[in-house]
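Please look over the structure shown below.

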Number of protein chains: 2
Amino acid sequence: MTSDASLQPIDLLISARWIVPVEPDRVVLEDHAVAIDGGAIVEVLPHDDAAKKYAPRERVDLPGHALVPGLVNAHTHNPMTLLRGLADDLPLMTWLQEHIWPVEAKVIGAEFVRDGVELAIAEMLRGGTTCCNENYFFPDAQAHAYKAHGFRAMVGLPIIEFPSAWAKDRDEYFERALAVHDHYRGDALVGTAFAPHAPYTVADASFERIRTLSDQLDLPVHLHLMETAREVEDSKREHDLRPMQRLQKLGLVNDRLIAVHMTQVSDAEIVLCAEAGVSVVHCPESNLKLASGFCPAEKLRRGGVNLALGTDGCASNNDLDMFGELRTAALLAKGVANDAAAFDDAFALRAATLNGAKALQLDAKIGSIEPGKRADLAAVRLDEVETQPLYNVISHLAYAVSRRQVSDVWIDGRRKLADGALVDFDLAGVLEKARRWRERIAAIR
Amino acid sequence: MTSDASLQPIDLLISARWIVPVEPDRVVLEDHAVAIDGGAIVEVLPHDDAAKKYAPRERVDLPGHALVPGLVNAHTHNPMTLLRGLADDLPLMTWLQEHIWPVEAKVIGAEFVRDGVELAIAEMLRGGTTCCNENYFFPDAQAHAYKAHGFRAMVGLPIIEFPSAWAKDRDEYFERALAVHDHYRGDALVGTAFAPHAPYTVADASFERIRTLSDQLDLPVHLHLMETAREVEDSKREHDLRPMQRLQKLGLVNDRLIAVHMTQVSDAEIVLCAEAGVSVVHCPESNLKLASGFCPAEKLRRGGVNLALGTDGCASNNDLDMFGELRTAALLAKGVANDAAAFDDAFALRAATLNGAKALQLDAKIGSIEPGKRADLAAVRLDEVETQPLYNVISHLAYAVSRRQVSDVWIDGRRKLADGALVDFDLAGVLEKARRWRERIAAIR
């Protein structure tokens, strides 16, 4: 390549057979390229135009691939990746009280959290996920691990009314929450949100403090809400209010609220969520596995609610596969709505990208392939047996691809997965640590 | 290796970290081996004992893998793999009448069927499926392709009351059905079944002939049954009977019946199926995608009905991924039954193997890893990120593995997939044919 002073130098040019930018909606660009500089998307343009305009320091050609925005897992408990498959096929309370909680009580700490997050990062990158909304204890250890690996995350600051290894009482939960928030304020990759566990484990007094602080600090509030019918019944008995009514009374139903699960959301509450700008995170596989109920995902979509997707933790899924999750979401929504036209392929992809970004208040920064946004990208090979023949790229992304067809991933313009291999990642070390945790946990039980 | 006259010569010894034989139920054998000779399983025994007893001509070591029976896809339309993703997210009748049928009318023939089946074989082998129950036109072309590739299949002999490229009228459908049956009678890999399309497209007179012939020839009867609520309503209006009652009156409700979908099965009909020995094939992903209704899979299981699993065709799924299907079946059944303990991991694996074999009347021959059965086997790598840590092998097989972790497959003792690569298979040629069909079909539309 001869140097040409008229060409604009940039860091990276990715040329792909197809680009699905998500915004504009439902568009598939053929033979286009993404110009990237300083970690940001500079332009999306046809191959030929790119060759005449840019002098990239690095080129990546993806001749049989679709390039999509990196997937956003809008609800997960990634340290629990170390508990994958520990206990299955059990009623919710047996599962929690006899299996998950007793083990967690013995292992939770900064080391467990770090090792679980690192294993999760490997799995997420291999599956095209570039951002997650985390919800667990020891957010400082999580944040440190995400930052060390250049992975984008919103870290939940847990608030719950019982003591844990992380904090002994309400004051300490808030104190530690604010310390983590202060430490990561303005960080390019790691953000924070309040993460009150759920209405049934958090008192009004804590919710009031959260409301004041989230207003002052402009922080999202990420909580499990109306996951089961029992939660709603208990709340009505205890507070004479449905959980959502209680949150509304406490001033928390607003555009900072990230409401997870919502299997029991009523038609009136769907209107309320749309009007207030609440984001709902649908976790279809976890809801099925724990028999929590069916979230009316198509009603939420039609009602104009921002609907994102999450895997939930690996102990109730048992993976962090966002391509699988968006497929399950699209299939299940049709069954639940009794309408084969419900929750279509393009919406499923949007829910797993831009809507997730919006839930995390990151939609100005990520979630679509648009100039000015950060370059969080995933490439998916479509030239494999399982995605042939190919009539419709978006259909295959929603219904036919396996996460193992993800070949390349960039976060903030940095390549994290190259032709299926993790970049600058001690995979053997991470797997060895997972094996050691397995030995230790199996011995506890 | 020194020759030792005391050792028994055999064709193949497969040593695996874990073997899940399916029968006995819920068992995981560690560090065992399968001795294979003449395509049959001779013995399943510990590694160390195998070394002292057998002199295999070939050895395969699977140090991080689980060896399971090859998966049985108990309902599919594999030629339709060429229509994968042609049309999605549409109401059932729009999808059929405006997209699938008009295209099929222009392409169906022996060539389309052969090329679709070959593409499907590649996908099935890569996903650990070793046997399928086929349901489409041109069963002669299907049978030829399956036999040529050494793939085990039961080929449906279609009966329907409208003319097609395969047959012009009822007599010709039966005539051609019997010719295909005669040709493959006694074949080691390819069997036949009657495949009357569905109660709403087949007249009593045809069902009566099928009943007589299936009794005489001992042939299974494979049909779509009670897929939607509308089918039941229509039958009640037209025949004053539910579809199952009509079949019972016609003498077809017996242990040869393979009833597919059954979303509308009543509690009384579950009892009837159990008593009569009917096999039900549950296709959860197709039922969701077409919004056909929720099959009460857990009720069928508890009722003692032989419950198998199928993907249905690629035009309504959009894959032939039986690991994905058994996972969806296990998750969805819990949601539908409102019971997290429903349809557990071991049952899901059994439904996708031995129960499928039983539905096809092949359970004396395949479906589990037992001495005397044919060696239809799949090996799954469990040492990858997505299946670590590992507490429970069967849990991971049901909830965490991706089909892309399938490394090796044998059918009738012959290796068809070796460390992820298809053996003696012209993959490039098959993909090229799929691309040509894509061009042709895209031009029709």
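## Basis

This is a predicted model, in which local features need pLDDT of at least 70 and side-chain atom pairs count only at pLDDT 80 or more, while totals for chains, interfaces and linings use all residues. Residues are numbered from 1 along each chain as its sequence is written, chains are lettered from A and ligands numbered from 1 in the order in which they are written, and side-chain values use heavy atoms, with hydrogens and water left out.

## Nonpolar core

A nonpolar core is a set of buried Ala, Val, Leu, Ile, Met, Phe, Trp, Tyr and Cys residues joined through side-chain atoms within 4.5 Å. Buried means under 20% relative accessible area, exposed over 50%, and partly exposed in between (1.4 Å probe, protein chains only). The largest such core has 250 residues, and the members that touch the most others are A:Phe343, A:Leu397, B:Phe343 and B:Leu397.

Contact means heavy atoms within 4.5 Å. Beyond its neighbours within four places in sequence, B:Phe343 is in contact with residues including A:Asp89, B:Arg301, B:Leu307, B:Leu309 and B:Tyr399.

## Salt bridges

A salt bridge is a side-chain nitrogen of Lys or Arg within 4 Å of a carboxyl oxygen of Asp or Glu. The count over all chains is 100. Helices (H or I, at least four residues) and strands (E, at least two) are DSSP runs, numbered from the N terminus.

A:Arg302 pairs with A:Glu298, with the closest N and O atoms 2.8 Å apart. Both lie in helix H11 (residues 297-302) of chain A, four residues apart, so about one helical turn separates them. A:Arg302 is exposed at 59% relative accessible area, whereas A:Glu298 is buried at 5%. In chain B, B:Glu123 and B:Arg84 form a salt bridge at 2.7 Å, N to O. B:Glu123 is in helix H3 (residues 110-126) and B:Arg84 in the loop between strand E5 (71-76) and helix H2 (92-107), so the pair ties together parts 39 residues apart in sequence. B:Glu123 is buried at 0%, and B:Arg84 is buried at 0%.

## Helix pair

Axes are lines fitted to C-alpha atoms, for helices over the stretch in contact, and angles run from 0 to 180 degrees between N-to-C directions. The axes of helices H4 (residues 139-148) and H5 (residues 170-184) of chain B come within 10 Å and cross at roughly 20°. H4(B) and H5(B) are therefore roughly parallel (angles under 35 degrees). Among the residues that meet are B:His144 in H4(B) and B:Tyr184 in H5(B).

Conventions
Parallel < 35°, antiparallel > 145°, perpendicular 65-115°, else oblique.
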